[in-house]
Amino acid sequence: MDNNERMIWLGDKILPVNEAKINVLSPTSQFGLNVFEGIRCYWSDNDKQLYAFRLDDHIKRLQQSIKLMRINSKYSAENLKNALIDTIKANNYKEDIAVRQTVFVDGVGGTWNSTEPVNMFVAPISKHFTPIEQKKGLKCQISSWERISDRNLSPRAKVGANYINSRMAYIEATQNGYDTALLLNNHGKVSEGPGSCFFMIRNNQLITPPITASILESITRDTIIKIAKEQFGLEVIERDIDRTELYICDEAFLCGSAMEITHITNIDGYMVGDGKLGEITHKLSGFYYLIITGQNIQYQSWLTPIY
Ligand code: PMP
């Protein structure tokens, strides 16, 4: 579908994207006072069905962000879920999509400490799954910027304003000729990438920073931990990671709803493994695809059929 033709949910109405407008003086516009989710839905040709992946977990995290930010929201889990489903149906998508669902502080009289009025938009867009074999792999730079922490702007909440930290790291890295950044936290340990969580493999162990390492409690991270243990019998360790461990690991990848699983080939000029897609990363990514497209029935409870 042409992205300019899509229909957006805004304030209990479903409107053409060009008519969905927010006031310039709203706290969301001025201070990034919004919480959001990026939710993927994958089309299954076999089932002629569009499946939202781990929708209930995204809705739960959205509600946790609302609570943490003390936003005075009137939306129930059911309201949030139905808004997403109704918006997708209004567009009649029969392809892979990504949906941005944002709850924000609206109105013209408010400021950075306003808790209401609360509003919501739901914006789907076409976005197809990219098989990992077609990705070239990422060259990462350890950022000179520190990841925000739970003592200042918690990465646990998915708040618009948090992304300025990711922005600084990402733009610095790309201007320096890298594809993306990896951020260290306030303890000097590895936290995450811009919009993605980090895993590495050393001696056949899958290692990822703990949820107290200044990361978002990522749903893809949780999915990977489960399938690594349950399907591949891998030992998964959640622990702090030192910067120099990155330079000697066997495989590394970033993951998230948007980037799915993407291998890292180089960190700060140090080649990761042999600089190619590693075996374990490849296996995990292949299995992830089977789950999200409904081809593995064992994990079907993670899929919400839209139609
Ligand atoms: N970290 C950050 C900062 C993110 O924005 C995202 C994307 N939501 C992730 C990690 C990955 O989270 P998820 O797997 O839930 O998409």
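This is a predicted model: local features need pLDDT of at least 70, side-chain atom pairs count only at pLDDT 80 or more; totals for chains, interfaces and linings use all residues.
**View 1. Helix 5, from residue 219 to residue 232.** Welcome to a helix of 14 residues. From the first C-alpha of helix 5 to the last, the reach is 19 Å, close to the 20 Å expected at 1.5 Å a residue. Several of its residues are buried, among them Ile-219, Thr-220, Arg-221 and Ile-224. Ile-225, Ile-227 and Ala-228 are buried as well.

**View 2. The two ends of helix 5.** At the start, look for Ser-218: one of its side-chain oxygens comes to within 3.2 Å of the backbone nitrogen of Thr-220. Just past the other end sits Gly-233, with a positive phi of about 60°.

**View 3. The largest pocket, with about 790 Å³ of space.** Its lining is made up of 39 residues, and those nearest the centre are Lys-158, Tyr-163, Pro-194, Gly-195 and Ala-258. Sorted by class, the lining has 18 nonpolar, 12 polar and nine charged residues. The largest pocket lies between domain 1 (3-126) and domain 2 (132-292), because both give residues to its lining.

**View 4. The second largest pocket, with a volume of about 250 Å³.** Here the lining holds eight charged residues, along with two nonpolar and two polar ones. Helix 2 (55-68) gives the largest share, four residues, and helix 5 supplies at least two.

Technical notes: Residues are numbered from 1 along each chain as its sequence is written. Side-chain values use heavy atoms; hydrogens and water are left out. The expected span of a helix is 1.5 Å times one less than its number of residues. Buried means under 20% relative accessible area, exposed over 50%, partly exposed in between (1.4 Å probe, protein chains only). A polar contact is a pair of N or O atoms within 3.5 Å; within protein, one must be able to donate a hydrogen and the other to accept it, and residues adjacent in sequence count only if both atoms are side-chain atoms. On a 1 Å grid over the protein atoms alone, a cavity is a set of points where a 1.4 Å probe fits but cannot get out, and a pocket is an open set with protein on both sides within 12 Å along at least five of seven lines; lining residues have an atom within 4 Å of a point. Grid points are joined across faces, edges and corners, and a volume is the space filled by probe spheres set on the points. Ala, Val, Leu, Ile, Met, Phe, Trp, Tyr, Cys and Pro count as nonpolar, Asp, Glu, Lys and Arg as charged, and the others, Gly among them, as polar. Domain bounds come from an automatic or database domain assignment.
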